[in-house]
Amino acid sequence: MTLQNSPVCVTSDAFAKLMLGKPYTDRCCHVDAVDCWGLIVLYYRLCHGINVHHDDSYDNGGSFSTCFDGEINFWRDTDSPSIGDVVVAYRGSTPIHVALWWGRDKILHAREKTAVRFDRLLTLERLSTKLRFLTYASHSRSEDAGIT
């Protein structure tokens, strides 16, 4: 996964405007195209200046659930998600998709075979058997004060 560092962090709203409509491309994490995990990584890099950990199996084409299992130790569950926290969709006990929580029943995500878009949380609920909310373990919630 190749990312370019941004010297200036952007707001969540600016990030959404930048990414809306960008095509889904498997194993991609760039402002021109992303997959669902790439959108998460790019969000944290551009909006918070955080390089979230990613497992080498991601770059090497590992399955989504294998990659997720390698990342879960860097995240913690939350019952009160904030903008930018991760929503994980499961089918049974297998994670199948991730999205960014955008508040008020909204998610921002890169949908396979389409593009980055906003959807209602209900969209993920219908595609999965359970949802889980995660926040990045090393991310301080006080940093979110300026997000609208």
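1. D105 is partly exposed, its relative accessible area being 26%, where partly exposed covers the range between buried (under 20% relative accessible area) and exposed (over 50%), computed with a 1.4 Å probe on protein chains only. The side chain of D105 meets that of R120 in a salt bridge, with 3.0 Å from N to O; a salt bridge here requires a side-chain nitrogen of Lys or Arg within 4 Å of a carboxyl oxygen of Asp or Glu. Because D105 sits in the loop between strand 5 (94–103) and strand 6 (106–110) while R120 belongs to strand 7 (residues 116–120), the pair ties together parts 15 residues apart in sequence. Helices (H or I, at least four residues) and strands (E, at least two) are DSSP runs, numbered from the N terminus.

2. This is a predicted model, in which local features need pLDDT of at least 70 and side-chain atom pairs count only at pLDDT 80 or more, whereas totals for chains, interfaces and linings use all residues. Residues are numbered from 1 along each chain as its sequence is written, and side-chain values use heavy atoms, with hydrogens and water left out.

3. By the salt-bridge rule the count comes to four. One of them joins R132 and D77, whose closest N and O atoms are 2.6 Å apart, and this pair links distant parts of the chain, since R132 lies in strand 8 (residues 130–136) and D77 in strand 3 (residues 75–77), 55 residues apart. Both partners are partly exposed, R132 with a relative accessible area of 24% and D77 with one of 48%.

4. A further salt bridge brings together the side chains of D119 and R117 at 3.1 Å, N to O. D119 counts as buried at 11% relative accessibility, whereas R117, at 33%, counts as partly exposed. Salt bridges with shared partners join R111, R117 and D119 into one network.

5. Six strands form an open sheet in the order 3-8-4-5-6-7, with antiparallel pairing; two strands are taken to pair if DSSP finds at least two bridges between them. Strand 3 and strand 7 stand at the edges with a single partner strand each, so one side of each is left without a neighbour in the sheet. From one strand to the next the twist averages 40 degrees, where axes are lines fitted to C-alpha atoms (for helices, over the stretch in contact) and angles run from 0 to 180 degrees between N-to-C directions.

6. Within this sheet, strand 4 (residues 86–91) has five of its six residues buried, so it is largely enclosed by the rest of the structure. Strand 4 runs antiparallel to strand 5, to which six bridges join it, and antiparallel to strand 8, with five bridges. On the strand 5 side, Y90 has P95 as its bridge partner; on the strand 8 side, V86 is partnered by L134, and V88 stands opposite R132, the residue that also forms the salt bridge with D77. The hairpin of strand 4 and strand 5 has two residues between the strands, and G92 there takes a positive phi near 70 degrees.

7. Helix 1 (residues 12–19) lies across strand 5, strand 6 and strand 7, running at about 125 degrees to strand 5. Its buried residues are S12, F15, A16 and M19, and because they cover an arc of only 100 degrees around the axis, they fall on the same side of helix 1; the arc is that of the directions from the helix axis to the C-beta atoms. The cover over these residues includes strand 1 (29–30), strand 2 (33–34), helix 2 (36–48), strand 5, strand 6 and strand 7, contact meaning heavy atoms within 4.5 Å. Just after helix 1, G21 takes a positive phi of about 85 degrees.

8. Helix 4 also packs on the sheet, touching strand 3, strand 4, strand 5 and strand 8, and its direction makes about 60 degrees with that of strand 5. In helix 4 (residues 64–71), C67, F68 and E71 are buried, and these residues cover an arc of only 100 degrees around the axis, which puts them on the same side of helix 4.

9. S128, in the loop between helix 5 (121–127) and strand 8, is buried with a relative accessible area of 11%. Leaving aside residues up to four places away in sequence, S128 touches A89, Y90 and I96. The side chain of S128 reaches the backbone oxygen of L124 at 2.6 Å.

Notes: A polar contact is a pair of N or O atoms within 3.5 Å; within protein, one must be able to donate a hydrogen and the other to accept it, and residues adjacent in sequence count only if both atoms are side-chain atoms.
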